[in-house]
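The following paragraphs lead the reader through one structure, step by step. Please keep the sequence and the model in view while reading.

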Amino acid sequence: MSSKEQRERIELLQGTLDLLILRTLLLGPTHGHAIAKAIEFNSEDVLQVEQGSLYPGLHRLIKRGWISVEEGTSENNRRAKFYKLTPKGRRQLALETRKWDKLAGAIARILRPAEQEGEP
Amino acid sequence: MRQRKRMLEELDQDIRDHIERETQDNVERGMSPEEARYAAMRKFGNVTRVKEETRVVWSSIWLEQIIEDIRFGLRMLRKNPGFTAVALLTLALGIGANTYIFSVVDALLFRPVEFTDPGRIVALWERLPANGVDRNELSPANFLDWKAQNHVFDHIAAQGWWNANLGGVDHPEHLHGFLVTPDYFAALEAQPMLGRTFRDEEGTPGKDRVAMLSYALWRDHFASDPSIAGKTVLLNGMDYTIAGVMGPNFNYPSGAQVWAALAFTPQQEASRRSHYLHGVAHLAAGVSRERAQAEMSGIASRLAGQYPQTNTGRDVNVMPLVESEVGQMRAPLIIMLGAVGLVLLIACANISNLLLARASSRQRETGIRSVLGATRGRLIRQWLVESMLLGLLGGGLGILFAYWCLQAQVIRIPPEFARMIPGWGKISINTPVLIFTSVVSLVTGLVFGFLPALVASRQNMNDTLKEGAPSAGSGWRRGVLRSVLIVSEVGLSLALLLTAGLMMKSFVRLERVPPGFNPDQVLTMSVALPEAKYTSDQQTANFYEQLIERVQNLPGVQSAATANMIPLSGMNGTSAIRIEGSPEPKPGQEPEANFRSVSNLYFRTMQMPILRGREFTSQDSAKGQPVVAVNEAFAARFWPGEDPVGKRMRFSGPLQDRPWRTVVAVVGNIRNQLDLPAPAEMYFPLRQQTESTMALVVRTSSDPRSLEESIRAQVVALDRDLPVFDVMTMEDLRSVSVTAQRIGGTLMAAFAGFALVLAAIGLFGVIAYAVSERTREIGIRMALGAKPREVFLLVVGQGMTLAFIGLLVGLPLALGMGRAVAGLLYGIGPNDFATFASVAAILAAIAFVACYIPARRAMHVDPMVALRYE
């Protein structure tokens with residue numbers, strides 16, 4: 001990996017992965033690998049997710065009751081665990097999204113003047 | 001939990017599946033299988049770490065956070081030493097007082113007597129519903145009939161008091177003994193520690209010289225001799241075979257030192273009139289107490305039909321033995337526990353108040369935490385963990401405080417009385433008490449931390465992050481909450497103060513009740529003459545008359561006399577009587593009166609007034625005319641409006657063949673119990689009604705205790721094997737007789753005083769805080785021309801308003817508490833207006849003082865400084 005590439009990829013903030021998982025599951029139940037793929041694909045590979053770290057995240061969300069898990073078969077007829085958003089998780093996603101927007105907005109407002117001065 | 005286990009078990013498979021899929025994708029992208037697998041692994045990351053982190057998700061987040069909360073809480077407590085010290089002191093006293101009272105309740109109510117199966121052991125009493133008596137002693141004949149006729153008990157036993165003089169030792173000693181029927185120990189399911197208990201045949205006259213020793217007696221007087229069983233001991237001048245020794249936990253009846261076999265003489269076996277036995281029984285398997293009660297009542301009514309003269313109206317009362325032992329203690333102890341609980345509640349309100357004030361000063365901390373992602377629940381938990389830490393630390397200190405109370409004997413009862421209170425010796429800070437205290441500490445923390453946690457966590461993060469400005473809305477709400485807390489503190493304090501006031505007043509009234517004689521400078525001590533040595537009435541009477549004469553001649557003695565029962569000692573003897581010329585009474589309705597056998601000069605020694613007639617003199621001898629002196633109550637009951645002197649009465653029942661006695665004197669009433677009116681009483685001359693156990697009463701011209709040794713020496717000079725016991729002054733006896741009221745009153749007063757201090761501190765805190773928050777407003781008012789006096793009144797007015805609302809709110813509670821203690825009061829009703837008025841005035845005065853200091857400060861606010869403030 002070149003150093004430039006590394007600089008453009010962002011380490012995930014604590015808790016953000018949970019938000020991304022919830023967002024991905026909003027589209028429908030799916031299995032772990034597909035969630036990892038979707039996050040990578042949707043962020044155009046900017047977000048660097050070590051795929052393994054998905055699992056503690058999934059378990060954390062199950063424990064909080066925000067997602068549930070059920071057995072099913074995947075597209076190529078293989079056994080798989082399907083993760084599914086619960087109503088509670090749906091509410092949480094809405095809440096977290098609002099919070100995130102707020103935080104992002106606030107940080108953007110603080111940073112904007114610096115950008116305008118043209119500092120990198 | 002099950003979900004956690006399944007999820008973790010399947011994690012390995014999930015990870016393998018995941019890597020499998022990624023490999024498959026990579027192969028489809030054109031990698032070689034080996035390359036594809038390697039890339040998938042790399043992309044997945046460290047499998048071990050992933051598994052570890054997943055396990056952490058399930059296992060310990062909660063615990064870790066709690067530990068983190070505890071660390072943070074401890075740091076916060078250390079950072080605010082002033083707050084922490086005040087809160088801990090309050091809690092230590094509050095929880096400590098609760099621990100102490102609970103340790104007493106635990107010993108006296110929960111385990112006063114320790115039996116293997118207390119549910120099967122019952123006490124048996126005679127019940128006389130017509131007279132409102134439900135615990136009367138049994139007569140031997142009734143007891144034997146109950147024993148023979150019942151089918152509900154597998155053991156039924158009786159026990160009676162026994163004076164046992166321990167001889168054959170350097171200093172003869174009087175022991176607290178009991179005569180018990182042979183199956184007494186079996187009825188109580190008690191096993192001896194050494195030897196055996198009594199055999200059935202030992203319950204017959206001539207075979208009854210066997211004794212059981214208590215553990216303490218065996219240890220202290222027999223050097224813990226392991227082979228004591230079978231040896232003999234000298235009791236009342238006779239040899240008794242020691243059957244065995246009871247274990248250290250067996251203490252029934254409370255304070256017993258020795259038990260001997262009870263054998264009824266044929267004459268006693270037939271007696272239905274002398275009531276002196278206590279019954280205990282063991283329920284047979286499968287028999288409920290209710291069924292036993294029903295059967296015993298049936299037997300009692302059959303006996304009443306059979307022996308109407310003696311048994312009419314006599315029922316049986318089958319009650320759990322534990323209930324019988326602690327019944328009268330329960331109400332006062334529960335009231336004390338309730339009162340001390342209220343004190344803790346006030347302490348909680350106070351600490352809540354302090355925490356609410358702190359919630360304001362910690363707004364920024366809370367705000368930052370919530371912006372950083374702490375949920376409301378997490379914030380509440382942080383606050384609750386902090387308060388529960390305070391509670392636990394306070395509880396720890398409280399245990400030390402309770403321990404100190406025990407060591408310092410905050411509740412002090414003279415040992416000779418404490419001995420007879422079941423469970424008294426077992427009061428300690430033991431495991432159940434520690435569990436109680438831990439639970440109370442945690443609950444206390446929750447109670448006082450709950451409101452502040454809710455308030456502190458409900459912060460608007462935008463407001464709090466802004467520099468300085470406390471938000472007006474939440475500040476106002478907090479002010480209301482703090483006011484509500486103060487109002488409840490004042491209300492609870494009123495209830496406690498009123499209860500304390502009533503109990504103290506009742507105690508003082510009781511102390512002031514004239515006993516009917518002069519208790520100052522009178523020494524009393526008892527002597528029990530063994531019947532083996534003093535075989536005739538004449539011998540016994542001679543002994544006492546010689547003793548009195550010797551004591552009279554001692555320097556410092558004004559006068560001396562004897563009586564078989566002295567007032568205020570709790571001892572009474574009652575007998576059925578007939579009045580000459582009165583109609584034959586209906587069965588079961590024979591009049592009864594107390595009687596005492598007294599020596600000449602008794603009335604003079606006690607300084608009791610002789611209202612009519614004469615003192616007993618040497619002419620009232622065994623051969624002289626039978627005489628009696630009666631008290632005013634007796635005269636008023638049996639000869640209303642007549643002069644009793646010259647009238648005649650005699651015993652009824654077993655002693656009815658004794659001759660008629662002529663009344664020679666009417667004496668003043670004396671109280672046997674300060675809180676009860678004097679009953680009808682008769683006095684017989686010592687020579688005409690001789691008793692072997694007598695109390696010497698000696699009126700002295702100086703400190704009565706200083707004569708104790710010289711009087712003892714006179715007893716020894718007459719009979720060197722004779723122990724003296726129950727040595728005390730009449731003043732001691734009077735004071736001991738009101739011990740319960742004194743303890744109740746002083747404890748209650750201590751609780752109320754503590755509550756008052758807490759309420760004052762709370763009120764002071766709220767007003768001082770309000771003043772500091774309103775500094776600016778006060779400054780403006782003063783700049784606009786308000787006079788300092790007006791500012792002073794404004795502040796005091798705010799505080800006093802709270803106090804008065806508190807008084808109003810507390811009124812119903814106070815009335816309820818008053819009613820709850822009504823049964824413990826003497827000479828005062830629960831709605832005593834004077835007490836109400838004075839405790840309300842005290843509270844108002846304290847409230848004023850608490851407002852005064854902050855109000856003074858408000859008065860001296862400098863408008864310029866105040867306006868520049870903030």
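In strand 20 of chain B, which residue is the bridge partner of Val630(B)? The partner is Met682(B). This is a predicted model, in which local features need pLDDT of at least 70 and side-chain atom pairs count only at pLDDT 80 or more, while totals for chains, interfaces and linings use all residues. Residues are numbered from 1 along each chain as its sequence is written, and chains are lettered from A and ligands numbered from 1 in the order in which they are written.

Strand 20 of chain B covers residues 681-685. Strands (E, at least two residues) and helices (H or I, at least four) are DSSP runs, numbered from the N terminus. Of the 5 residues in strand 20 of chain B, 5 are buried; a residue is buried if 20 or more other C-beta atoms, placed from the backbone, lie within 10 Å of its own, exposed if 12 or fewer, and partly exposed in between. Glu681(B), Tyr683(B) and Pro685(B) point one way from the strand, and Met682(B) and Phe684(B) point the other way.

Two neighbours pair with strand 20 of chain B, where pairing requires that DSSP finds at least two bridges between the strands. Strand 15 of chain B (residues 592-598) pairs with strand 20 in the parallel sense over 5 bridges, and Val598(B) stands opposite Pro685(B). Strand 17 of chain B (residues 627-631) pairs with strand 20 in the antiparallel sense, over 2 bridges.

Strand 12 of chain B (residues 522-528) is also mostly covered, with 6 of its 7 residues buried. Strand 12 pairs in the antiparallel sense with strand 21 of chain B (residues 693-700) over 7 bridges, and Leu523(B) stands opposite Val698(B). Strand 12 also pairs in the antiparallel sense with strand 22 of chain B (residues 724-729), over 4 bridges; here Val527(B) stands opposite Val724(B).

The account now turns to helices. Helix 5 (residues 81-110) and helix 14 (residues 376-407) of chain B pack at an angle of about 50°, with their axes 6 Å apart. Axes are lines fitted to C-alpha atoms, for helices over the stretch in contact, and angles run from 0 to 180 degrees between N-to-C directions. The two helices are therefore oblique to each other, since angles under 35 degrees count as roughly parallel, over 145 as roughly antiparallel, 65 to 115 as roughly perpendicular and the rest as oblique. Residues meeting across this pair include Ala87(B) and Tyr100(B) in helix 5 of chain B, and Leu390(B) and Cys405(B) in helix 14 of chain B. The residues of this contact divide into 15 nonpolar, 7 polar and no charged; Ala, Val, Leu, Ile, Met, Phe, Trp, Tyr, Cys and Pro count as nonpolar, Asp, Glu, Lys and Arg as charged, and the others, Gly among them, as polar.

Helix 26 (residues 788-820) and helix 27 (residues 833-859) of chain B pack at an angle of about 150°, with their axes 8 Å apart. The residues of their contact comprise 20 nonpolar, 1 polar and no charged.

Finally, chain B touches chain A. The contact takes 18 residues from chain B and 15 residues from chain A, two residues being in contact if their C-beta atoms, placed from the backbone, lie within 7 Å. Helix 1 of chain B gives the most to the side of chain B that touches chain A, with 7 residues. By class, that side of chain B has 7 nonpolar, 5 polar and 6 charged residues.
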